[in-house]
Amino acid sequence: MTQGGDPPAGTVVLIGGRAEREFTIVHDLGYRILYLDRQVPMQCVFWADVPVDVDVDDWDQVRDTIKARLGGAAPAAVLTHVEPRIPLMAHLTEQLLAERRGLSAEAAWNCRDKLRTRERLREAGLPVPGFGLAAGAEDAVQVAETIGLPVVVKPRDGAGAFGVRRCVTTDEVREAAAGILADPGPGTQAGVLVEEYVDGPEYAVQTLTQAGRTRLLSVFRQHMTEPPVFVELGYEHPSGLDAAGEATLADVVTAALAALGVTDWISHTQVRLGPEGFRVVEVNARRPGGRLVEMTTAVSGVDMTVAATQLALGLPVDAGPPRAAHALYSSVVFDEPGLVTYRTDIDPSAFPGPIPPIVEVEVAPGEPVLPKDHPGGGVYGRIVVFGDTRAEVADGVRRIREHLDLRVTPTDDLATSRSDSREFKSCC
């Protein structure tokens with residue numbers, strides 16, 4: 001699946017990804033794209049200047065392929081928006097570029113490996129849940145008993161809430177750990193992480209760090225399903241924190257990024273506010289999923305996809321004025337299995353607001369859906385509304401849902417495929 005013609009200097013190496021906009025941003029900045037993936041998707045053949053199939057798990061092969069394609073010249077940048085490939089991106093940047101730029105390999109692994117994240121933050125005296133690493137199901141039970149139930153069991157380096165489960169009994173811990181070890185999903189690091197469950201509201205914090213100085217772009221109050229599983233139900237801006245609370249949160253996140261070595265990159269950090277204050281749950285060296293990038297752009301003026309591209313290239317980061325004071329994100333989820341029906345004639349431009357709302361349903365009418373807490377269910381779409389007041393955005397979401405008229409018809413013959421192309425099934 002390779003086109004002819006080697007790219008010249010001024011080429012960005014893009015590893016993985018499926019969104020056309022990731023390609024468009026690079027081209028708009030004046031660079032060509034050498035696109036690498038295990039099997040290049042058909043649409044990416046047309047978006048990339050030179051698409052190449054390569055085993056992206058073989059880092060030496062990837063490096064050698066880049067050198068061969070560029071004739072020994074250094075790329076303008078190495079970039080990915082795919083979380084499992086971020087350590088590879090940082091490694092190749094250090095291997096192939098003369099100047100230090102973007103995310104370091106050490107910082108990439110500090111964020112990707114949840115155990116390393118917690119160890120570095122604890123060493124820095126920052127607030128994290130109690131935690132331990134387990135090699136097997138029985139080890140997980142022992143760690144849980146040491147921490148104290150309930151606990152959260154999760155893969156060591158997963159993403160999107162894959163395999164994450166709150167457990168209130170040792171039997172549940174054993175079952176959750178065994179499930180992760182049997183099917184680690186996108187994770188590559190050995191072991192299962194068992195950590196203290198922090199009961200309290202959760203916040204999604206988006207940041208831009210340049211030359212070691214961190215700017216909070218957005219703080220969203222995150223709403224999720226009740227445990228044991230964690231599926232996003234929505235986000236809201238403003239977060240509801242008062243000025244003092246948001247300042248404390250900013251201090252915690254800024255210190256966490258510094259401790260992990262993030263000096264010139266974007267991040268998406270999840271923090272819980274428990275009885276003892278804020279606790280850092282996840283630090284992700286990437287943009288958020290779903291449509292939180294668009295939501296962040298609206299309330300901050302910074303597009304995190306563009307920012308990551310510019311940071312990788314060593315360019316100044318573009319920033320514009322905020323365009324919305326309030327934003328409300330509502331996930332499309334279902335309580336029961338069945339066949340979904342809804343109206344498809346919605347016109348987002350018909351709804352008032354400073355920015356047209358985002359309306360996405362990722363299954364066609366008549367297709368099967370599963371409940372939000374089912375392993376194959378989760379999020380089937382999203383509605384994001386922007387406005388000047390909280391009442392305005394809430395009313396916008398309500399009106400859009402009324403127009404969609406989403407309904408699920410139960411059926412005794414629900415055939416669902418195990419293969420699901422939805423990009424965002426759960427948390428961002």
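1. Let's start with α4. Eight of its 11 residues are buried, so this helix is largely enclosed by the rest of the structure. Keep in mind that we are looking at a predicted model. The buried set in α4 is Ile 86, Pro 87, Leu 88, Met 89, Ala 90, Leu 92, Thr 93 and Leu 96. As for what does the covering, the list includes β1 (11-15), α3, β4 (77-79), α5 (105-112) and β12 (265-274).

2. Helix α3 (residues 59-69) packs on α4 (residues 86-96) at about 50 degrees, and the axes are 11 Å apart. The two helices are therefore oblique to each other, and α3 passes α4 in a right-handed crossing. On the α3 side you'll find Trp 59, Val 62, Arg 63, Ile 66 and Lys 67; they meet Pro 87, Leu 88, His 91, Leu 92, Gln 95 and Leu 96 of α4. By type, that contact has seven nonpolar, two polar and two charged residues.

3. Next, the α5/α6 pair. Here the axes of α5 and helix α6 (residues 114-123) come within 5 Å and cross at roughly 100 degrees. That makes α5 and α6 roughly perpendicular to each other, since the range for that label is 65 to 115 degrees. Glu 106, Trp 109, Asn 110, Cys 111 and Arg 112 from α5 meet Lys 114, Arg 116, Thr 117 and Arg 120 from α6. This contact splits into two nonpolar, two polar and five charged residues.

4. Now the core. Which residues touch the most other members of the largest nonpolar core? Out of its 72 residues, the answer is Ile 66, Leu 103, Leu 249 and Trp 265. Ile 66 also turned up above, among the α3 residues that meet α4. For Trp 265, leaving out residues up to four places away in sequence, the touched residues include Leu 79, Met 89, Gly 102, Leu 103, Thr 207, Leu 208 and Thr 209. Ala 285, Arg 286, Ala 308, Leu 311 and Ala 312 are touched by Trp 265 as well. Another core, of 16 residues, lies apart from the largest one, and Tyr 342, Phe 351, Val 363 and Val 397 are among its members. As general background, nonpolar side chains tend to be buried together in soluble globular proteins.

5. Two peptide bonds to check. Leu 149 and Pro 150 are joined by a cis peptide bond with omega of about 0 degrees, and Pro 150 is in the loop between α7 (137-147) and β6 (151-155). The bond from His 237 to Pro 238 is cis too, with omega near 0 degrees. Pro 238 has its place in the loop between β11 (232-237) and α9 (243-260).

6. Finally, a couple of backbone angles. Most residues other than glycine have a negative phi, and most peptide bonds are trans. Ala 211 has a positive phi, near 50 degrees, and is found in the loop between β9 (202-210) and β10 (213-224). Is Ala 211 buried or exposed? Ala 211 is exposed, at a relative accessible area of 66%. Asp 405 has a positive phi of about 55 degrees and is found in the loop between α12 (390-404) and β19 (407-409). Asp 405 is partly exposed, with a relative accessible area of 32%.

Technical notes: Residues are numbered from 1 along each chain as its sequence is written. This is a predicted model: local features need pLDDT of at least 70, side-chain atom pairs count only at pLDDT 80 or more; totals for chains, interfaces and linings use all residues. Side-chain values use heavy atoms; hydrogens and water are left out. Axes are lines fitted to C-alpha atoms, for helices over the stretch in contact, and angles run from 0 to 180 degrees between N-to-C directions. Helices (H or I, at least four residues) and strands (E, at least two) are DSSP runs, numbered from the N terminus. Angles under 35 degrees count as roughly parallel, over 145 as roughly antiparallel, 65 to 115 as roughly perpendicular and the rest as oblique. A crossing is left-handed if the near helix is turned anticlockwise from the far one by less than a right angle, and right-handed if clockwise. Contact means heavy atoms within 4.5 Å. Ala, Val, Leu, Ile, Met, Phe, Trp, Tyr, Cys and Pro count as nonpolar, Asp, Glu, Lys and Arg as charged, and the others, Gly among them, as polar. A nonpolar core is a set of buried Ala, Val, Leu, Ile, Met, Phe, Trp, Tyr and Cys residues joined through side-chain atoms within 4.5 Å. Buried means under 20% relative accessible area, exposed over 50%, partly exposed in between (1.4 Å probe, protein chains only).
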